[in-house]
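Colleague: Hi! I'm new to this one, could you walk me through it?
Modeller: Happy to, let me bring it up first.

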Amino acid sequence: MAEHPDQQKQLEAAVEDGDETKQLEYATYLLKLVKSDTDAEENGKKAVDFLVSLSQKANDDATVLLRECVKGQTGITEANKAAVKWCLETSDQEKRIRESARQLFKTIHRDDSDGPLSFKDYVTAVKAMEANMRVKRMLVLAGKEAGDDVTEEKLSRILSEQIQGTLNMTSSERESQSNEFKSADMFTRVTKYPMETLKVGLQEVQDMVSAEGMSWVGNLLPTNQLYMISAFFLYSFLSASLLLFVIPLLVFYVTLAVLLVATLQIVVNRQSLRKSEDLANTLHKFDKDLDMEAARSKFIRNKLTPYWIFLAVLPLFVAGLSLVNKKYIPCSDLAVLSCIITGITFFFFIETPLELTRWLAMLLNLFSSLPTILRNFPDIPVISKIVGFVTKSFYTFDTIFGLKINISLPSISYSLLPLIFVIMALRHSGAGSYRVLLPFFITQVWFSVATTLYPYTMWFGLVRASVGNALLPVLLPTSIVVGILYSIYQAFQTNLFIQIAIAAVLGLVPLILSQTTALFGSNDGKKTSSTKKYVMLMFGVMGFLPLTSVFSFIPTENSVPFKFELGWTEYKNLCTSGDGNMIPQQNLCRNFIGQKVVWNGTFEEAQITQVLNSIEPMLTGLPSLVVNKIRCNFGSPYGDCNSTEMSADEQTVCKLKAASGQTCHFNEYDTFSFKMTVSMPKFKGKLTLDAGETFKNILEILKTGDSLEFVAVLGENQGTAMPSFQLKDIRCTSRILPVVLEKPEEDDDVLLARATNEAIATTVNFFLFPALEYSPKMT
């Protein structure tokens, strides 16, 4: 061991020259001293400090030695633990970028000291650099982000984040950022540190709403009645047809907004990529080993989140597009907007002007869309035959469930696209899947949206939309401001706005007061446990599961609505001809429960069996003054009791109610149930059918002896003297009734079957037409 002091002095002298090789040799020597138990603690700490310094400069050997030190806990202390962890978790690419940025700072500084530069001196030094104006502008912006004092550490961090699109911060940077956040004003906190501001804000809200005393305040309110009153006005309007109108419309517009925002983020990130490449080229002068292609690929990988959001929302968007009523969406405007986005994304995402695969794929897409674009081409001699040859199918093969395979020039060109996609994905050593293919897929989706909406447009609408998009920067802000002001003005002119506001307050007040503990935790100063979060997430998923049952119904030939086989004659012979012992007949006919039938009969009589009003029972527990106010705010007035539009009996009822102080009512929310009696041919008995609210108008005007064709569902007690039937549709065949009354109402299963077929057809055609086409037949 006698040679150790001399050898150590020689290495220490060599290390002072800044030679990385000598520094690594010295660190290795110190680790040998640790193994020989010579000042193990002090030498181990020194060795780790040298290895951290070398590893930060992308020295692979130093990183390997650091990993061994961590395994043996050699020289690892609380002071250097975070720095060691950063060295082991950070890629060599980021280390090289940071080290090059440090060298760039020294070049800008033009001084031997490592001290900070004021922003003014920094800008002056950058302007004096030999670089193009674009790079200088980005360096000035990076210095502005660093603050009043530009340091080597701040500049390396900012440039690394701009080049890679993400950042693995060191412990000192995290501490610096935390101190900057604490000392910043509110505007700086929100703009520069949005996530930390949100966390602090949520914590403050939690402390505020979890204050003591909220529980007894909530107990003072009749929360159950308020919930039911606010929910009543929602439930009273719900129906299958309304849901199939509102939900697709809502899903379409929400998912469209998400796709637009995701596409905008992708374009912005692509623009940031160009800035990243310029900065990387500047840093490449200081480190020739800096891999430019790897830096580009890493930046794109770190910015893939908008792509995943786009792909996740796309199926919901297609489903909403297939089910939405096209009269309530601006098809022409969206088609033109989709074409504009297609052009922007196509040219903006091209890496090189001669990127033949992208041009070829776009031409194939355009050619395969000709059957849609030229579907209404005018009949012009010779030209129409050429168009027909190019667009129409040579052969069409029908398969199961209405799926067709088309053989045509457009379908052949569309079938070549997967091959082009594979070529795109294999570029850049496999990185082409996210550098080339994903960006082009965004372009193709917007092109498909344009071609899907095109059949629902008109030439006048397309021209109007094109001019409108050209003037969009001026018209959009103006229309938004004017629209908001006009909507507010109109809202305050109607009672509906006040009713909605009252209903919202009635529903939100008890919800907030009763759910503070569930939402924000108890007031014990402890944060919500992860177990509680997982339980809440599980209940959320369980609550969503019933909605998924809608998509489990796929219609087949056996589930075509209104395909009936059980006639009245068969039913009469099987289920009404038994003797005193009805057991065999009941066992046989109970197989028909749930079966739909279409029969003809003669109307005998109808009567109301039940009237339900869901809101009146809830008002019984409230003071009469409050009840009358609620009736008049949400219900309807009886009106002028002397009006000639009322019958004498109605005038009497109106006057009696007014005398009791009740001037308003909820009668329009009454739900009726009826029983209709029908005589059947060659049958001594009569059938009694249960009917719902939707048949109120037509049952009121039917007369005894009217011939009827009705649709019913067989219920319980089949094979007995009093079988149950549920009326589904009715039509008078002996005389003409008003059209509005004779219009049949589709059952929920019919609406669901048609909607499901349309959703499947649009989805298949959106992604696979013209190679495959789905056109189901509903009978």
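**Disulfides and cavities**

Modeller: There are three disulfides in the structure, a disulfide being a pair of cysteine sulfur atoms within 2.5 Å. This is a predicted model, where local features need pLDDT of at least 70, side-chain atom pairs count only at pLDDT 80 or more, and totals for chains, interfaces and linings use all residues. Residues are numbered from 1 along each chain as its sequence is written, and side-chain values use heavy atoms, with hydrogens and water left out.

Colleague: Which cysteine is joined to Cys575?
Modeller: Cys589 is, with an S to S distance of 2.0 Å. Helices (H or I, at least four residues) and strands (E, at least two) are DSSP runs, numbered from the N terminus.

Colleague: Is the link of Cys575 and Cys589 left-handed or right-handed?
Modeller: Left-handed, with -110° about the S-S bond. Both Cys575 and Cys589 are buried; buried means under 20% relative accessible area, exposed over 50%, and partly exposed in between (1.4 Å probe, protein chains only).

Colleague: OK, and what does Cys632 pair with?
Modeller: Cys632 is joined to Cys664, S to S 2.2 Å. Cys632 sits in helix H33 (residues 624–634) and Cys664 in strand S7 (residues 664–665), so the bond connects parts 32 residues apart in sequence. The link of Cys632 and Cys664 is right-handed, with 95° about the S-S bond.

Colleague: Are those two cysteines buried or exposed?
Modeller: Cys632 is partly exposed, at 37% relative accessibility, while Cys664 is buried at 6%.

Colleague: Where does Cys641 lie?
Modeller: Cys641 lies in the loop between strand S6 (636–637) and helix H34 (648–659). A disulfide joins Cys641 to Cys654 (S to S 1.9 Å). Cys654 is in helix H34, so the pair ties together parts that are 13 residues apart in sequence. The torsion about the S-S bond of Cys641 and Cys654 is about -65°, so that disulfide is left-handed. Cys641 counts as buried at 12% relative accessibility, and so does Cys654 at 3%.

Colleague: What pattern do the disulfides follow?
Modeller: Counting the bonded cysteines along the chain, 1-2, 3-6, 4-5.

Colleague: Changing topic: how many cavities of 30 Å³ or more are there?
Modeller: Two. On a 1 Å grid over the protein atoms alone, a cavity is a set of points where a 1.4 Å probe fits but cannot get out, and lining residues have an atom within 4 Å of a point. A volume is the space filled by probe spheres set on the points, with grid points joined across faces, edges and corners.

Colleague: What lines the largest cavity?
Modeller: Its lining includes Ile266, Asn269, Arg270 and Phe299, and about 90 Å³ of space lies in the largest cavity. Helix H15 (240–284) and helix H16 (292–302) are the elements that give two or more residues to this lining. H15 gives the most, with four residues.

Colleague: And how much space is in the second largest cavity?
Modeller: About 30 Å³. Among the residues lining the second largest cavity are Phe252, Ser338 and Trp446. Two or more residues come from each of H15, helix H18 (331–348) and helix H24 (432–453), and H24 gives the most, with three residues.

Notes. On a 1 Å grid over the protein atoms alone, a cavity is a set of points where a 1.4 Å probe fits but cannot get out, and a pocket is an open set with protein on both sides within 12 Å along at least five of seven lines; lining residues have an atom within 4 Å of a point.
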